[in-house]
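Hi everyone, thanks for coming. Please have a look at the sequence and the structure before I start.

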Amino acid sequence: NDRRTLESLPNFRWLQPCQDIEQMLEETRLLLMPSLWLEGFGLIVVEAMLRGIPVVASDEGGLRESTLGVARRVPVSPIREFTAAFDDRHLPVPVIPGQDIEPWARALSALAREANYKTESRASKIAAERFVSGLEPNQIERFLQNLNQPGTRGEPVVRAPSSLSPEKRELLLRRLRGSHQKEKPPQT
């Protein structure tokens, strides 16, 4: 139903799936992310921002983080429940709450002004470049490898605040380490 409704609009066209995101984004002037789900991190948001494409996204889930504090976020009423029925893809049919379209309209109207668009385009590109430059491809691998270094027996690393006296630091460290120790089962 949604697809038929969209196809009936004179200013709408479907873009075919493609392997190269550049191909999709070269025709994009503004990215809308109107999600009602608890999205994970929206990589497409950062991809668009890297190219200076302003984004208007739902203020929900991982989209909050992926907008990098620059893109416009719009409050939505997220999906919180599902019916007992399943759709043609065998997924539960959500109960979609009513939505207020006005915040989206205001965000789009603001970006329709050229000065706002240019400012947001520059800010988006700068924020996305800063974010991407801070990524390290092997960061997760390094983290996982360091979880169980020899001699740590898998215990978490505990550091006391430097503002405490040496005696209080030692006491705090002993207590913290003790709270992470697994209890040994009683001997029978």
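I'll talk about ring pairs, and then about one serine.

This is a predicted model, where local features need pLDDT of at least 70, side-chain atom pairs count only at pLDDT 80 or more, and totals for chains, interfaces and linings use all residues. Residues are numbered from 1 along each chain as its sequence is written, and side-chain values use heavy atoms, with hydrogens and water left out.

How many aromatic pairs does the structure hold? There are three. Rings of Phe, Tyr and Trp (its six-membered ring) pair if their centres lie within 6.5 Å; planes under 30 degrees apart count as stacked, over 60 as edge-to-face and the rest as tilted. One of the pairs is Trp37 with Phe82: the centres are 5.9 Å apart and the planes are at 25 degrees, so this pair is stacked.

Phe41 and Phe131 also form a stacked pair, with 5.7 Å from centre to centre and 20 degrees between the planes. Phe131 belongs to helix H6 (residues 114–133); helices are DSSP runs of H or I, at least four residues, numbered from the N terminus.

Now for the serine. Ser66 sits in helix H4 (residues 63–66). Is Ser66 buried or exposed? Ser66 counts as buried because its relative accessibility is 0%; buried means under 20% relative accessible area, exposed over 50%, partly exposed in between, with a 1.4 Å probe and protein chains only. Phe41, by comparison, is partly exposed at 40%.

Beyond its neighbours within four places in sequence, Ser66 is in contact (heavy atoms within 4.5 Å) with Phe41, Gly42, Val45, Val46 and Met49.

Conventions: Helices (H or I, at least four residues) and strands (E, at least two) are DSSP runs, numbered from the N terminus.
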